[in-house]
Every structure is written in C-alpha cells, then in structure tokens.
Amino acid sequence: QIRHAAAVVQGVYDLPEKCLHVLSSNGTSVEEIGLRCFVRFAARSYLGNTFIISPVVSLDEAVGLRNRLIDARAAGWPALRAEWVALLQTRGSEERSRRPRSQQDAEAFVDEIRRMREASGPVHGPRRTAEEQREEKVRREQLQEEKMRRKVAK
C-alpha cells in the first residue's frame, strides 16, 4: 500500500504524509513496524545512469535527504556535488562497507563520476520546468502558424 501511495504522490514533498496515512489506516506506525528506507536518486543530466544511493535510514531522514537532493539538483551541479559529497561521508553510505569516505575520497569519487559523464557526451543542465516546456510549445506553435501564413500568402 505504501508503494502504491508513493506512486500516486502529486507533489515531491507529500510522500511522508501518504506513508503515515497508510500506516495509521492499517492500525500501525513507523515505530511499530520499524520502517526504514533508502533514497535512490537520479540526476541524469549531471551523472548519466549513475544513481546517488543513501544508507538505510528512518523515513524522516530519507525524506529530508530526498528533498535536499531535489533542491540541490535544481540549484545546479555545485550544490548537488556538495550534497553527494556530504552523503558519502556518512556512516553506512557505502554498499559494501559501513565506513564513511573521507572528504577527499568522496570528492575524488564524485568528480570522477562527473568526469566520466562529461566524457560520454554533452551535459545539459536540469530539465526544463513545466512552465518552460509550455512556453517552448507555444513558441513552436507560433512559428508553425507563421510558416503556414507565409505559404498561404505566396
């Protein structure tokens, strides 16, 4: 039920409310079932097919991290890099190790992933917002109408 609720969440910040609602409607709570989760975060324009993956943490911690990553991705590469480097320095952040990375190792790792992404082709900034996409669509339609008017005028 939680997966279903997560799949239909409208806003990026509504997930905790949906989870808590599902749990309470089933007569339980986060604490009772010991709910813990991790964040698997994509930033394809910056990292290609590499995901930022958190350690397993409480729901509140995971939601907070996810929100910080969303904000950082929107702010640009320096902000996303800083957030990822900080994450890699936390205990349990490594898949096969519970030891955190040093800041130097974390920065080197993140920079190498980014370098490989840049070497694979052009890197674009974050995706356009819905408003920017609508504006682009209107511009394309206006250009198309203008072309049609010119054809008719000939």
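Glu 112 and Arg 115 form a salt bridge in which the closest N and O atoms are 2.7 Å apart; the term denotes a side-chain nitrogen of Lys or Arg within 4 Å of a carboxyl oxygen of Asp or Glu. Because the two residues are three positions apart in helix α7, about one helical turn separates them. Helices (H or I, at least four residues) and strands (E, at least two) are taken as DSSP runs, numbered from the N terminus. Glu 112 is partly exposed at 33% relative accessibility, and Arg 115 is partly exposed at 44%. Here buried means under 20% relative accessible area, exposed means over 50%, and partly exposed lies in between (1.4 Å probe, protein chains only).

The model is a predicted one, in which local features need pLDDT of at least 70 and side-chain atom pairs count only at pLDDT 80 or more, whereas totals for chains, interfaces and linings use all residues. Residues are numbered from 1 along each chain as its sequence is written, and side-chain values use heavy atoms, with hydrogens and water left out.

Side chains of opposite charge can pair when their charged atoms come close. The count of salt bridges in this model is four. One of them joins Asp 111 to Arg 81, with an N to O distance of 2.7 Å. Asp 111 belongs to helix α7 (residues 103-119) and Arg 81 to helix α6, so this pair ties together parts that are 30 residues apart in sequence. Asp 111 is partly exposed at 33%, as is Arg 81 at 23%.

Helix α6 (residues 77-88) also contains Glu 83, which forms a salt bridge with Arg 68 at 2.9 Å between the closest N and O atoms. Arg 68 lies in helix α5 (residues 59-75), and the pair links distant parts of the chain, 15 residues apart. Glu 83 is buried, with a relative accessible area of 18%, whereas Arg 68 is partly exposed at 43%.

With a disulfide defined as a pair of cysteine sulfur atoms within 2.5 Å, the count is zero. Cys 19 takes part in none, its nearest cysteine sulfur being that of Cys 37, 7.4 Å away; this distance is too far for a bond. Cys 19 is buried at 4%, while Cys 37 is partly exposed at 22%.

Ile 53 is located in strand β3 (residues 51-53) and is partly exposed, with 40% relative accessibility.
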